[in-house]
Each structure stands twice: as structure tokens, then as C-alpha cells.
Amino acid sequence: MKTNLSFAVGVGLSLFCASCDDEAGSGSVAFTSWGEEYIEEEIPADVFEDGYAVKYSKFLVLVGDIRVADEAGEVAAQDESFYLVNHVEPGVKDIATFDGLAAGNYTLVSYQTSPATREAIKLVGSVTAADADLMAQNQYHAYVEGTITKGAVSKTFKWGFSEPTLLDECEGERDGKLTPGVVVTEGGTDAVELTIHGDHFFYDDLQSADAVVRAEAIVDADANMDGVVELSELDAVQLTSLPADQYGTGGASDVNNLGNFVRFLSRTLGHYRGEGECFVKNPE
Ligand SMILES: [Ca+2]
């Protein structure tokens, strides 16, 4: 069986010693994924500008094609698998671990939240084969179910997203210092959390740092009033029909309705070591 793990040892070092990893020292990088309390528990009403609260019952994301490269772009480790995680399940989940990396700084780390073939999907934790089939057959990179509530108002949603997304040049806080990529130390393990942010679906601006979390427009999109907000109902809401100070798109000029607004946000779920960021790109 073909393995998806591939390693490349530094060629320069191997010219000078027979067992370079021993000479230079080697270590590991262990990637995990976590959806934080917002996905495990709820996004409480005080987070929302308009007093709604959101509880997810399912939050599937495919996290994969993790690459670790040095400053020159030389890939030292890559795992092409896509790990399917249901972030409602409590706890930080182990996904990929790379051992035997020569000690040093690998400043270029990337991963994807992208659709994958069924063969490339690995099940994590309580995720079922049926979940994986759902993702592969629909070519979803994310699938979420949940409930939006405020007082007597309650709306459910079941949304699937098919937006291939490369999260590139990730950096985040490591030992209190903003650090690009990973740092491999001799005999050590750099533990890196690929963090999924569940509140992003409710951001009211695609690019502004002043975006707030709100849900009124999404709740109001339930045109047939059956208590379920469909993505197709979001598609029917033009952004120009919403309050002028909400749902700004910045430079994303092709986003003109609420459905595409939320689809765009589905590309921003992936973060790095908690609040750390990556560049959001299209995979090659
Ligand atoms: Ca509806």
C-alpha cells in the first residue's frame, strides 16, 4: 500500500556525514486540530452584535495536505492525506506527526481545507465512513449543522461548502513569540494546532479587522419560514438589501449575495496555533 508520507533529508548535510540526522540532531512536528469552545459548546449570545447564539451539532472539516518546508521552499515533510474531523467532538485531535526532521527552522508551513477523494480521507475520532462519503460525494471541504436562537426565534441550518483552500505561510505564537512555520529542536516535538474558528461564518465583513459577529440577516433569509435557513435562501439575499454598514466585501467584488458571502467565509475557518494566521489562497 502506498504511503502518503514523504520525507526529504537535507542533501547538503548528507555530503558530509553518513547519518546526518544523528549528527545535526533531529526532532518531530506534531499537528493537531481543534475547533475551540465555540464549536464544541456554543457561540454565546454576548459574542453576537445582535444577541443571537449558535450551537453546532456537526462541524466537519477536511484538514490536509500538510507541508513543512524551509525558507528556500524545500519541502522537508508532506502528508497528502485529508483528515476528517468533527469539531463538535470535544478535545484537541491528533492528526499528522512528522518524525526525524533535522533540527532547525522550517518557516514555510501550509495546509489545506479542501475537498478530497474518498481514498485520501482519513477518519479522526468519532467521524464515520458515512461522514467521509458525504464529504467525498459532494466534494465538500466543510459541512456544518446547527441552530441559531434568540428568545423564541430558532432556525436550523445544514450547509455544505466546496471551496478548495490553501492556507499558506502560516505563522502563530510559539512560546509567546510570533513564529513563522515550525521550529524543530533536537529530540523535541513542536506541537502545532491547526485551529478551526467556528464564529467566522457569522462575520459581517469579509476583510475588515472591525468585522463583528451577527446573525439577523441569516435568520431573516428563511423566506419560506420553515425554520430552516438553506444556502439557496441565502443566495436570494442581495447584499445591497442589507444595512449599509454591514456585510462589506472589501476587495472581494464578486461576492454580491449572502450565500456567496458565507461561502467566502468558509475559506477562512483555518488558523494556526490558536489565533495565528495563514494566507488564504487557491491550491495549485
Ligand atoms: Ca427555509
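Strand E2 (residues 26–34) and strand E5 pair in the antiparallel sense over six bridges, where strands count as paired if DSSP finds at least two bridges between them. Helices (H or I, at least four residues) and strands (E, at least two) are DSSP runs, numbered from the N terminus. The model is a predicted one, in which local features need pLDDT of at least 70 and side-chain atom pairs count only at pLDDT 80 or more, while totals for chains, interfaces and linings use all residues. Residues are numbered from 1 along each chain as its sequence is written.

Turning to the whole chain, its secondary structure comes to seven helices and 15 strands. The radius of gyration, taken over C-alpha atoms, is 20 Å, close to the 19 Å that the globule rule (2.2 Å times the number of residues to the power 0.38) gives for 284 residues, so the chain is as compact as a globular protein of that length. Its C-alpha trace spans about 70 × 40 × 30 Å along the principal axes. Among contacts between residues at least 6 apart in sequence, 74% join residues at least 24 apart, a contact being two C-beta atoms, placed from the backbone, within 7 Å.

Buried residues make up 37% of the 284 residues. A residue is buried if 20 or more other C-beta atoms lie within 10 Å of its own, exposed if 12 or fewer, and partly exposed in between, with C-beta atoms placed from the backbone.

| Residue | C-beta neighbours inside 10 Å | Class |
|---|---|---|
| Glutamate 36 | 18 neighbours | partly exposed |
| Aspartate 65 | 22 neighbours | buried |
| Proline 115 | 21 neighbours | buried |

Most residues other than glycine have a negative phi. Glutamate 36, in helix H3 (residues 36–40), has a positive phi near 60 degrees, and aspartate 65, in strand E3, has a positive phi of about 45 degrees. Proline 115 is found in the loop between strand E7 (108–112) and strand E8 (121–123), and its contacts beyond four places in sequence include Leu62, Tyr140 and Pro164.

A nonpolar core is a set of buried Ala, Val, Leu, Ile, Met, Phe, Trp, Tyr and Cys residues joined through C-beta atoms within 7 Å. In the largest one, which has 70 residues, Val61, Val63 and Leu84 touch the most other members. Strand E3 (residues 53–69) gives the most to this core, with nine residues.

Finally, six of the eight residues of helix H7 (residues 258–265) are buried, so H7 is largely enclosed by the rest of the structure. The buried residues of H7, among them Phe261 and Phe264, pack against strand E10 (153–161), helix H5 (216–220) and helix H6 (231–235).
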